[in-house]
Amino acid sequence: ALSHHENWQRQWRNPTPKKQYDVIIVGGGGHGLATAYYLAKEFGIKNVAVIEKGWLGGGNTARNTTIVRSNYLWDESAALYEHSMKLWEGLSQDLNYNVMFSQRGVLNVGHTLQDMRDIQRRVNANRLNGIDGEVLDAKGVQELVPIMDCSKNARYPVMGASWQPRAGVARHDAVAWGYARGADAHGVDILQQTEVTGFKIRDGQIYGVHTNRGDIEAKTVGCVAAGNSSVLAKMGGFKLPLESHPLQALVSEPIKPILDTVVMSNHVHGYISQSDKGDLVIGAGIDGYNGYGQRGSYPTVEHTLQAIVEMFPIFSRVRMNRQWGGIVDTCPDACPIMSKTPVKGLYFNCGWGTGGFKATPGSGHVFAASLAKGEMHPIAEPFSMFRFHSGALIDEHGAAGVAH
Ligand code: FAD
Ligand code: PYC
């Protein structure tokens, strides 16, 4: 059936690196590619290189479970994730690339009185920020998800949930490819198999990067390297308060459509959705140790599936097909870092940890604005790395939905 699929047009070029660019983006994941796309499209800065050590989306972007929502507690993060949500709502049209954004809603389930108080507080905060949200009781959850065990007999009975109807899922690799094609069409050079091995810094100002394909110059460099961000910070001569952990996920064999929303439980600790192909897409929290391996350990898989079967006994005999991991860069307050650094012209966008896929368009957009103007965009400003000096942390562990 694939024999007619020949001579496909390349979606982006494979250029030879130039000696000099106006802006270099390190990291060809969704955030880096989105940054390059908006730099070229909205800010007219087209002499840009995206430098990726592997292949586009080979990091967390195409390893995540694609949940998109904006139901965060604090004003700063609500503004960031809702900015992103609004961009998601027009993204396929903007890129002319189907990113399969499906607003099928997300439930964050509560199993204790304290869970329900936290849910109530967060939904109230969301509504004050103009973000859609409702508090459901157990009956409301059962009506939305008839196959879920919402009975009083469950070990951790469902007491209710927060419900964000505009939330949902998207096709992760399409997001990387769509931004890559868009950026390339605006003249951005995408350099795959190119690893940044050091920074060229003189008198506290960056003027380029060392790579395995030679030195490349630029007076503005934005690092968007997720789990490898601490390694790059070390090359810049400073430290970031990040821990790199494995976060894993797994998918089942494809089954007929049975689950048309996303269910997350931070308490029994597992989350699940069904992809358009029919696979159950499943995950939970980080593996507790630090590591740079894009894989996880068996006890976490076991714990995750226990939680899923606890909530969905109907899935107890479904077979799992594949399991994988990514390296997530977790921050002490479960919020990202979008920031200037002690090196002039060197910016970092990282610390998205377990939850940055949903932020891809918004992060790219405000980071591009910051690089273009040399000043952090107002939405990015609260996420400076210097908040760990001032103490102005933004604690979103409750809304992270994934324990870490
Ligand atoms: P990446 O896609 O990781 O891109 C960084 C890139 O930098 C990589 O491609 C890497 O190769 C490159 N790089 C690193 N060092 C160098 C170097 N020295 N030189 C050149 N290139 C370099 N988030 C959600 O919102 N919803 C979810 O449902 C969700 N589920 C997840 C499930 C799993 C299993 C995982 C692992 C993550 C999940 N996340 C989720 C988190 C989300 O995937 C990330 O926060 C997000 O994708 C980060 O995007 P990025 O573009 O910053 O990073
Ligand atoms: O941030 O919503 C999220 C998420 C879900 C799974 C992993 N992260």
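Ala, Val, Leu, Ile, Met, Phe, Trp, Tyr, Cys and Pro count here as nonpolar, Asp, Glu, Lys and Arg as charged, and the others, Gly among them, as polar. By that scheme, the shell around ligand 2 has five nonpolar, three polar and two charged residues. This is a predicted model, in which local features need pLDDT of at least 70 and side-chain atom pairs count only at pLDDT 80 or more, while totals for chains, interfaces and linings use all residues. Residues are numbered from 1 along each chain as its sequence is written, chains are lettered from A and ligands numbered from 1 in the order in which they are written, and side-chain values use heavy atoms, with hydrogens and water left out.

**Ligand 2**

- The residues around ligand 2 are T65, I67, R69, M264, Y271, T354, G355, K358, A400 and V402; a residue is near a molecule or strand if one of its heavy atoms lies within 4 Å of it.
- Polar contacts are pairs of N or O atoms within 3.5 Å; within protein, one atom must be able to donate a hydrogen and the other to accept it, and residues adjacent in sequence count only if both atoms are side-chain atoms.
- A nitrogen atom of ligand 2 lies 2.7 Å from a backbone N or O atom of T354.
- Ligand 2 exposes 240 Å² when taken alone, and the protein buries 95% of that; accessible areas come from the Shrake-Rupley method with a 1.4 Å probe, and for residues only the protein chains shown count as cover.

**Ligand 1**

- Around ligand 1 there are 38 residues, of which E52, N60, T61, T65 and G356 come nearest.
- The backbone of N60 places a polar atom 2.7 Å from an oxygen atom of ligand 1.
- In N64, a polar side-chain atom is 3.4 Å from an oxygen atom of ligand 1.
- For G355, a backbone N or O atom is 3.1 Å from an oxygen atom of ligand 1.
- On its own, ligand 1 has 1,000 Å² of accessible area, and the protein covers 96% of it.
- Helix 1 (30–43), strand 13 (243–252) and strand 17 (320–330) each give two or more residues to the shell around ligand 1; helices (H or I, at least four residues) and strands (E, at least two) are DSSP runs, numbered from the N terminus.
- Strand 13 gives the largest share of that shell, three residues.
- The shell around ligand 1 holds 14 nonpolar, 19 polar and five charged residues.

**Helix packing**

- Two packed helices are described by the angle between their axes and the distance between the axes.
- Axes are lines fitted to C-alpha atoms, for helices over the stretch in contact, and angles run from 0 to 180 degrees between N-to-C directions.
- Helix 1 packs against helix 2 (residues 75–95) at about 75 degrees, with the axes 14 Å apart.
- This angle makes helix 1 roughly perpendicular to helix 2; angles under 35 degrees count as roughly parallel, over 145 as roughly antiparallel, 65 to 115 as roughly perpendicular and the rest as oblique.
- Y37, Y38 and K41 of helix 1 make the contact with L87, L91, D94 and L95 of helix 2, where contact means heavy atoms within 4.5 Å.
- Helix 2 packs against helix 8 (residues 360–373) at about 110 degrees, with the axes 7 Å apart.
- This angle makes helix 2 roughly perpendicular to helix 8.
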